[in-house]
Amino acid sequence: MRETLFKDHFWHTDLISTAGYDSISQHMNDGRKNCKEFEDFLKERAAVEERYGKDLLGLSRKKPCGQTELNTLKRALDVFKAQVESVGQSHIQLAQVLREEAKKMEDFREKQKFYRKKIELIMDAIHKNRNLQYKRTLEAKRLYEQRCRDKDEAEQAVHRSTSLVTPKQQEKLFVKLAQTKTALEDSDRMYQMNIAAVEKVREEWQSEHIKACEFFENQEWERITYFRNALWLHVNQLSQGCVKNDECYEDVRKSLEMCSVEKDIECFVNVHKTGTLRPTPVTYENYYNTQKCAAPGRNPAPAPGMGRRPPLPVPSGSGDPEYSTVDGYSLIQHH
């Protein structure tokens, strides 16, 4: 059983004071505000998760990432992009879950507000009635005290005038004294009635105040418990999201373990190879020998004993335009 209770700690010696009730009421309003702030936080976090998820989807679907890779690394990249898309989807799903949790918090907050409003209306009415009755009682007391003073003054006037006034004046003083006594009796009776009435109102108010304290304490107990559990659930949801993301990334790691550099190089060679024969060395070809082989009427086949290329023609002299006739070619300079 709890030892610290609202009903034992929110009173005041002044009958018409609402300090205790106001303190509880302010705390309840602050609690409702705190729930609203957490609700708004969840909505904002949902928006962040949704934007991030959509950005990941766009990144995975639109942004190339090693699109010309081959074989095992290509398969690993395909798994990577697919898992990035899965992570994006999980963030979008988390955003929807967070919006649902925010709606639950809003419903809880509004439910507490609805039931608390009933208590507040009751307390407002009883405070108003208590204050009005207390005011009437104070007025009755003021009138009663005034009648007491009037009666005392009338008695003193009678005593002072015993030997100083005429019998007729004395009679008037006795009549006035009687009137003040009657007025005193009426005001005394009215004062006592108001005292009884205000005491009844005080007892009713105390009873309702205790009920209100118990109600508010139960609501606060419920609110803190709900808030704590909602926050606990929220961080669990975030943790689950991280676990799902890590599972996606684990699939990528497994695909990378299957990646073989040797196989990828072999695949590239097999798919894109252009041949195994290398180009032969570039040799010198004599222009004139080429023309001789191409002359009409000559047998392109080499004569017996002519397997080797004949020596190149040698000019007769440096800068001499006269060339020797070589293999049937006459090189004549025309003037």
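This report walks through a predicted model of one protein chain.

## Overall build

The protein chain has five helices and zero strands. Read from the N terminus, its elements run α-α-α-α-α.

The chain holds 335 residues, and 26% of them count as buried. Residues 24 or more positions apart account for 86% of them.

Start with Glu39. This residue sits in helix H1, which covers residues 19–62. Its relative accessible area is 1%, so Glu39 is buried. Which residues does Glu39 contact, leaving aside its neighbours within four places in sequence? They are Ala102, Met105, Glu106 and Arg109. Ala102 is 63 residues away along the chain, yet the C-alpha atoms of Glu39 and Ala102 are separated by 4.9 Å.

Leu98 belongs to helix H2, a helix that spans residues 71–160. Leu98 is buried, at 0% relative accessibility. Beyond residues up to four places away in sequence, Leu98 touches Leu42, Arg45, Ala46, Glu49, His234 and Gln237. Take Ala46 from that list. Leu98 and Ala46 are 52 residues apart in sequence, but 5.6 Å apart in space, C-alpha to C-alpha.

Most residues other than glycine have a negative phi. Asn71 is not a glycine, yet its phi is positive, at about 55 degrees. Asn71 is partly exposed, with a relative accessible area of 22%.

Lys151 lies in helix H2 too. Its side chain makes a polar contact of 2.9 Å with the side chain of Glu155. Lys151 is also in contact with Leu177, Thr180, Lys181 and Leu184, once neighbours within four places in sequence are left aside.

## Aromatic pairs

A pair of aromatic rings is described by the distance of the centres and the angle of the planes. How many aromatic pairs does the structure hold? The count is nine. One of them joins Trp11 and Trp205: the ring centres are 5.7 Å apart and the planes stand at 90 degrees, so this pair is edge-to-face. Trp11 lies in the segment before H1, while Trp205 lies in helix H3 (residues 167–257), so the pair ties together parts that are 194 residues apart in sequence. Trp11 is partly exposed, with a relative accessible area of 35%. Trp205 counts as buried, at 6% relative accessibility.

Another pair is Tyr287 with Tyr288. Their ring centres lie 5.5 Å apart and their planes are at 80 degrees, so this pair is edge-to-face. Are these two residues buried or exposed? Tyr287 is exposed, with a relative accessible area of 53%. Tyr288 counts as exposed as well, at 55%. There is also an aromatic cluster, formed by Tyr21, Phe215 and Phe216.

Four residues make a nonpolar surface patch: Val261, Ile265, Phe268 and Val269. The area of this patch is about 390 Å². One of its members, Ile265, is found in helix H4, which runs over residues 261–272. Why does Ile265 count as exposed? Its relative accessible area is 51%, and exposed means over 50%.

Notes
Residues are numbered from 1 along each chain as its sequence is written. This is a predicted model: local features need pLDDT of at least 70, side-chain atom pairs count only at pLDDT 80 or more; totals for chains, interfaces and linings use all residues. Side-chain values use heavy atoms; hydrogens and water are left out. Helices (H or I, at least four residues) and strands (E, at least two) are DSSP runs, numbered from the N terminus. A polar contact is a pair of N or O atoms within 3.5 Å; within protein, one must be able to donate a hydrogen and the other to accept it, and residues adjacent in sequence count only if both atoms are side-chain atoms. Contact means heavy atoms within 4.5 Å. Patches are made of residues with over 30% relative accessible area and no salt bridge: like charges are joined within 9 Å, nonpolar side chains (Val, Leu, Ile, Met, Phe, Trp, Tyr) within 5 Å. Accessible areas come from the Shrake-Rupley method with a 1.4 Å probe; for residues, only the protein chains shown count as cover. A salt bridge is a side-chain nitrogen of Lys or Arg within 4 Å of a carboxyl oxygen of Asp or Glu. Buried means under 20% relative accessible area, exposed over 50%, partly exposed in between (1.4 Å probe, protein chains only). Rings of Phe, Tyr and Trp (its six-membered ring) pair if their centres lie within 6.5 Å; planes under 30 degrees apart count as stacked, over 60 as edge-to-face and the rest as tilted.
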